[in-house]
Amino acid sequence: MHSLRTHLLVVIVLIILGAFGSSNAAQVDVTCPPLIQKALQSVGNNCQGLNRNSACYGFSDVKATFSQTTTTTFTQPSDRAGLNDLKNIATSPLDAALDKWGIALMSVQANLPDTLPGQNVVFMLLGDTQVENAVKPDAAFGGGATVQVTPLTDAAQFYLPDTGQRIVGTVPAQTKVSADAISSDGDWVRVVFNGIPGWIGKQTLDPAADVSSLPTFSGDTQTPMQAFYLRTAINGTKCTQAPDSLIVQGPQHLQVDINANGADIRLGSTIALRLVPITRTIAAAFRPLYPDIDQVTMMLEVDVIDGHAILNPGQPDQVIVDAGYSSLRCLSDPANLGLDGVTNDRQVFAGCPWLQPISWQPLQYYIYNALEGVVLNYPITLPQHPTPTPTNTPPIVFATRTPTRTPTPTPTATCTPEIIDNEIFPCTTEEPTSEVTAELTDTPTPTYTDTATDTDTPTPTDTFTPTDTPTDTPTPTDTPGG
């Protein structure tokens with residue numbers, strides 16, 4: 001029985017490594033968890049109270065370049081810099097011998113209004129990760145002006161200035177609210193009511209208010225770092241719990257939009273982004289969707305840690321990814337697309353769609369385990385795992401504002417991954433079955449009972465039952481270089 005168990009665990013590891021490209025993930029350095037905790041705690045101390053549209057040097061080593069000569073010092077922990085002139089920021093891979101694991105934080109406004117202070121999107125770069133700004137300084141939304149407006153009738157708030165968008169709230173008649181932007185056609189103004197941002201029709205407003213001074217917000221308007229190009233290491237480190245990735249968390253109970261490597265992502269959650277090399281398993285899953293998959297070498301991976309993410313939001317090919325699921329998409333060959341002037345930017349392209357969500361493998365729970373309880377905007381809560389490992393360390397707070405709650409560790413059954421011959425075998429309390437050998441394409445697609453219009457972040461107790469859902473996918477024609 002033990003030999004069968006060991007054999008099946010090896011199969012699990014091989015599937016995971018094949019699917020997600022972590023070629024060195026099986027190598028474990030048992031000295032790394034103390035360094036991880038030290039690094040995360042240091043970032044919590046160094047970057048507390050980070051202002052909107054700024055970056056913080058969290059833990060060594062972090063490097064940044066700027067688009068113009070600046071007196072900003074960004075060379076040691078706790079240093080801070082504005083995002084508008086930031087070309088790129090990079091963190092270093094874990095080096096236990098030198099006591100280094102690069103971590104940086106960014107507080108990004110994204111599409112949140114100026115009239116919603118204290119709410120931001122937090123980016124956390126971990127390990128060998130680079131983020132390059134794709135928003136030119138002179139094109140970034142500046143904001144600044146606000147005007148008090150009063151709707152004469154009940155005014156529906158739309159997520160974007162378009163009646164085809166979802167309604168996020170209603171501003172009652174004769175209620176004064178602050179507007180901070182006007183749409184490019186002049187028909188909509190952006191307001192916040194009950195803490196929810198949205199767009200209301202200008203025709204509903206008392207004409208006494210002059211909104212002509214408001215900055216214009218068009219369909220392609222972005223704030224600094226709202227759009228970016230991501231690069232992460234693909235070989236991993238000896239420490240499995242020190243992933244090279246970008247963690248992104250929006251404000252709790254609000255949805256925000258970002259663009260990663262050309263991919264539109266709407267999140268009301270915490271997600272992890274990283275680049276992974278294509279493998280035979282991934283290629284087999286994509287071949288029915290994109291026949292030229294053999295020309296692709298790199299993929300963009302989205303891992304949803306809590307809440308859910310909407311890929312291609314509002315489009316016919318929209319994909320919802322819930323906590324504990326991942327999706328991948330093809331990336332083009334490198335090109336010079338960002339602000340650093342280097343041919344190192346990969347982007348998604350129309351011919352290759354997002355893969356339908358894949359349930360996390362055991363190793364993914366282990367990879368992100370160190371983030372449990374870390375507070376960005378709110379405490380990170382990993383999705384429920386059949387055999388979770390308890391975490392009894394105090395929460396580490398990176399919040400850009402005071403968190404409203406603190407997680408309480410819940411004792412669970414102890415489960416420690418086995419290390420045999422320098423390889424890691426995910427823990428389990430049940431005998432594995434032949435189901436673990438299922439191919440990636442046989443993974444059921446999750447079906448959700450809530451809709452993409454829900455702005456609330458699901459709590460860790462939300463569960464969804466995956467079912468097989470057939471999907472009709474048109475035959476793409478674009479090539480990786482496109």
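## Basis and overall composition

Contact here means heavy atoms within 4.5 Å. By that criterion, residues 24 or more positions apart account for 70% of the contacts in the protein chain with a separation of 6 or more. This is a predicted model, in which local features need pLDDT of at least 70, side-chain atom pairs count only at pLDDT 80 or more, and totals for chains, interfaces and linings use all residues. Residues are numbered from 1 along each chain as its sequence is written, and side-chain values use heavy atoms, with hydrogens and water left out.

The protein chain has four helices and 28 strands. These are DSSP runs, numbered from the N terminus: helices are H or I with at least four residues, strands are E with at least two. Buried residues make up 53% of the 482 residues. Buried means under 20% relative accessible area, exposed over 50%, and partly exposed in between (1.4 Å probe, protein chains only).

## The nine-stranded sheet

Nine strands form an open, antiparallel sheet in the order β3-β1-β5-β6-β16-β19-β20-β23-β24. Two strands pair if DSSP finds at least two bridges between them. The edges are β3 (80-82) and β24; each has a single partner strand, so one side of each is left without a neighbour in the sheet.

Strand β5 (residues 103-108) is joined to strand β6 (residues 121-126) by six bridges, and the two run antiparallel. Within this pair, Ala-104 stands opposite Leu-125 in β6. Helix α2 lies across β1, β3 and β5, at about 145 degrees to β1. Axes are lines fitted to C-alpha atoms, for helices over the stretch in contact, and angles run from 0 to 180 degrees between N-to-C directions.

## Strand β19

Eight of the eight residues of β19 (residues 270-277) are buried, so this strand is largely enclosed by the rest of the structure. Both faces are covered. Thr-270, Ala-272, Arg-274 and Val-276 are buried on one side, and Ile-271, Leu-273, Leu-275 and Pro-277 on the other.

β19 pairs with strand β16 (residues 245-249) in the antiparallel sense over four bridges. There, Gln-249 has Thr-270 as its bridge partner. β19 also pairs with strand β20 (residues 298-306), again antiparallel, over eight bridges. Leu-275 has Leu-300 as its bridge partner in β20.

## The eight-stranded sheet

A second open sheet has eight strands, ordered β2-β4-β7-β15-β17-β18-β21-β22, with mixed pairing. Its edge strands are β2 (62-66) and β22 (319-322), each pairing on one side only. The twist averages 25 degrees from one strand to the next.

Strands β15 (residues 227-232) and β17 (residues 256-260) run parallel and are joined by two bridges. Phe-228 has Ala-260 in β17 as its bridge partner.

## Nonpolar cores

A nonpolar core is a set of buried Ala, Val, Leu, Ile, Met, Phe, Trp, Tyr and Cys residues joined through side-chain atoms within 4.5 Å. The largest has 47 residues, of which Ile-89, Met-106, Phe-228, Ile-265 and Leu-273 touch the most other members. Strand β20 gives the largest share of this core, four residues. Leaving aside neighbours within four places in sequence, Ile-89 is in contact with residues including Ala-55, Val-62, Phe-74, Met-106 and Leu-125. Another core, of 34 residues, lies apart from the largest one. Among its members are Leu-35, Ala-242, Ile-367 and Ala-370.

Leu-50 is found in the loop between α2 (32-46) and β1 (54-59). At 3% relative accessibility, Leu-50 counts as buried. The C-alpha atoms of Leu-50 and Met-106 are separated by 7.9 Å, though the two are 56 residues apart along the chain.

## Disulfides

The whole structure holds two disulfides, each a pair of cysteine sulfur atoms within 2.5 Å. Cys-47 and Cys-56 form one, with sulfur atoms 2.1 Å apart. Their link is left-handed, with -80 degrees about the S-S bond. Cys-47 counts as buried at 0% relative accessibility, and Cys-56 is buried at 0% as well.

Cys-330 and Cys-352 form the other, with sulfur atoms 2.0 Å apart. This link is right-handed, with 45 degrees about the S-S bond. The pair links distant parts of the chain, 22 residues apart: Cys-330 in strand β23 (residues 325-331) and Cys-352 in the loop between β23 and β24 (358-359). Both Cys-330 and Cys-352 are buried.
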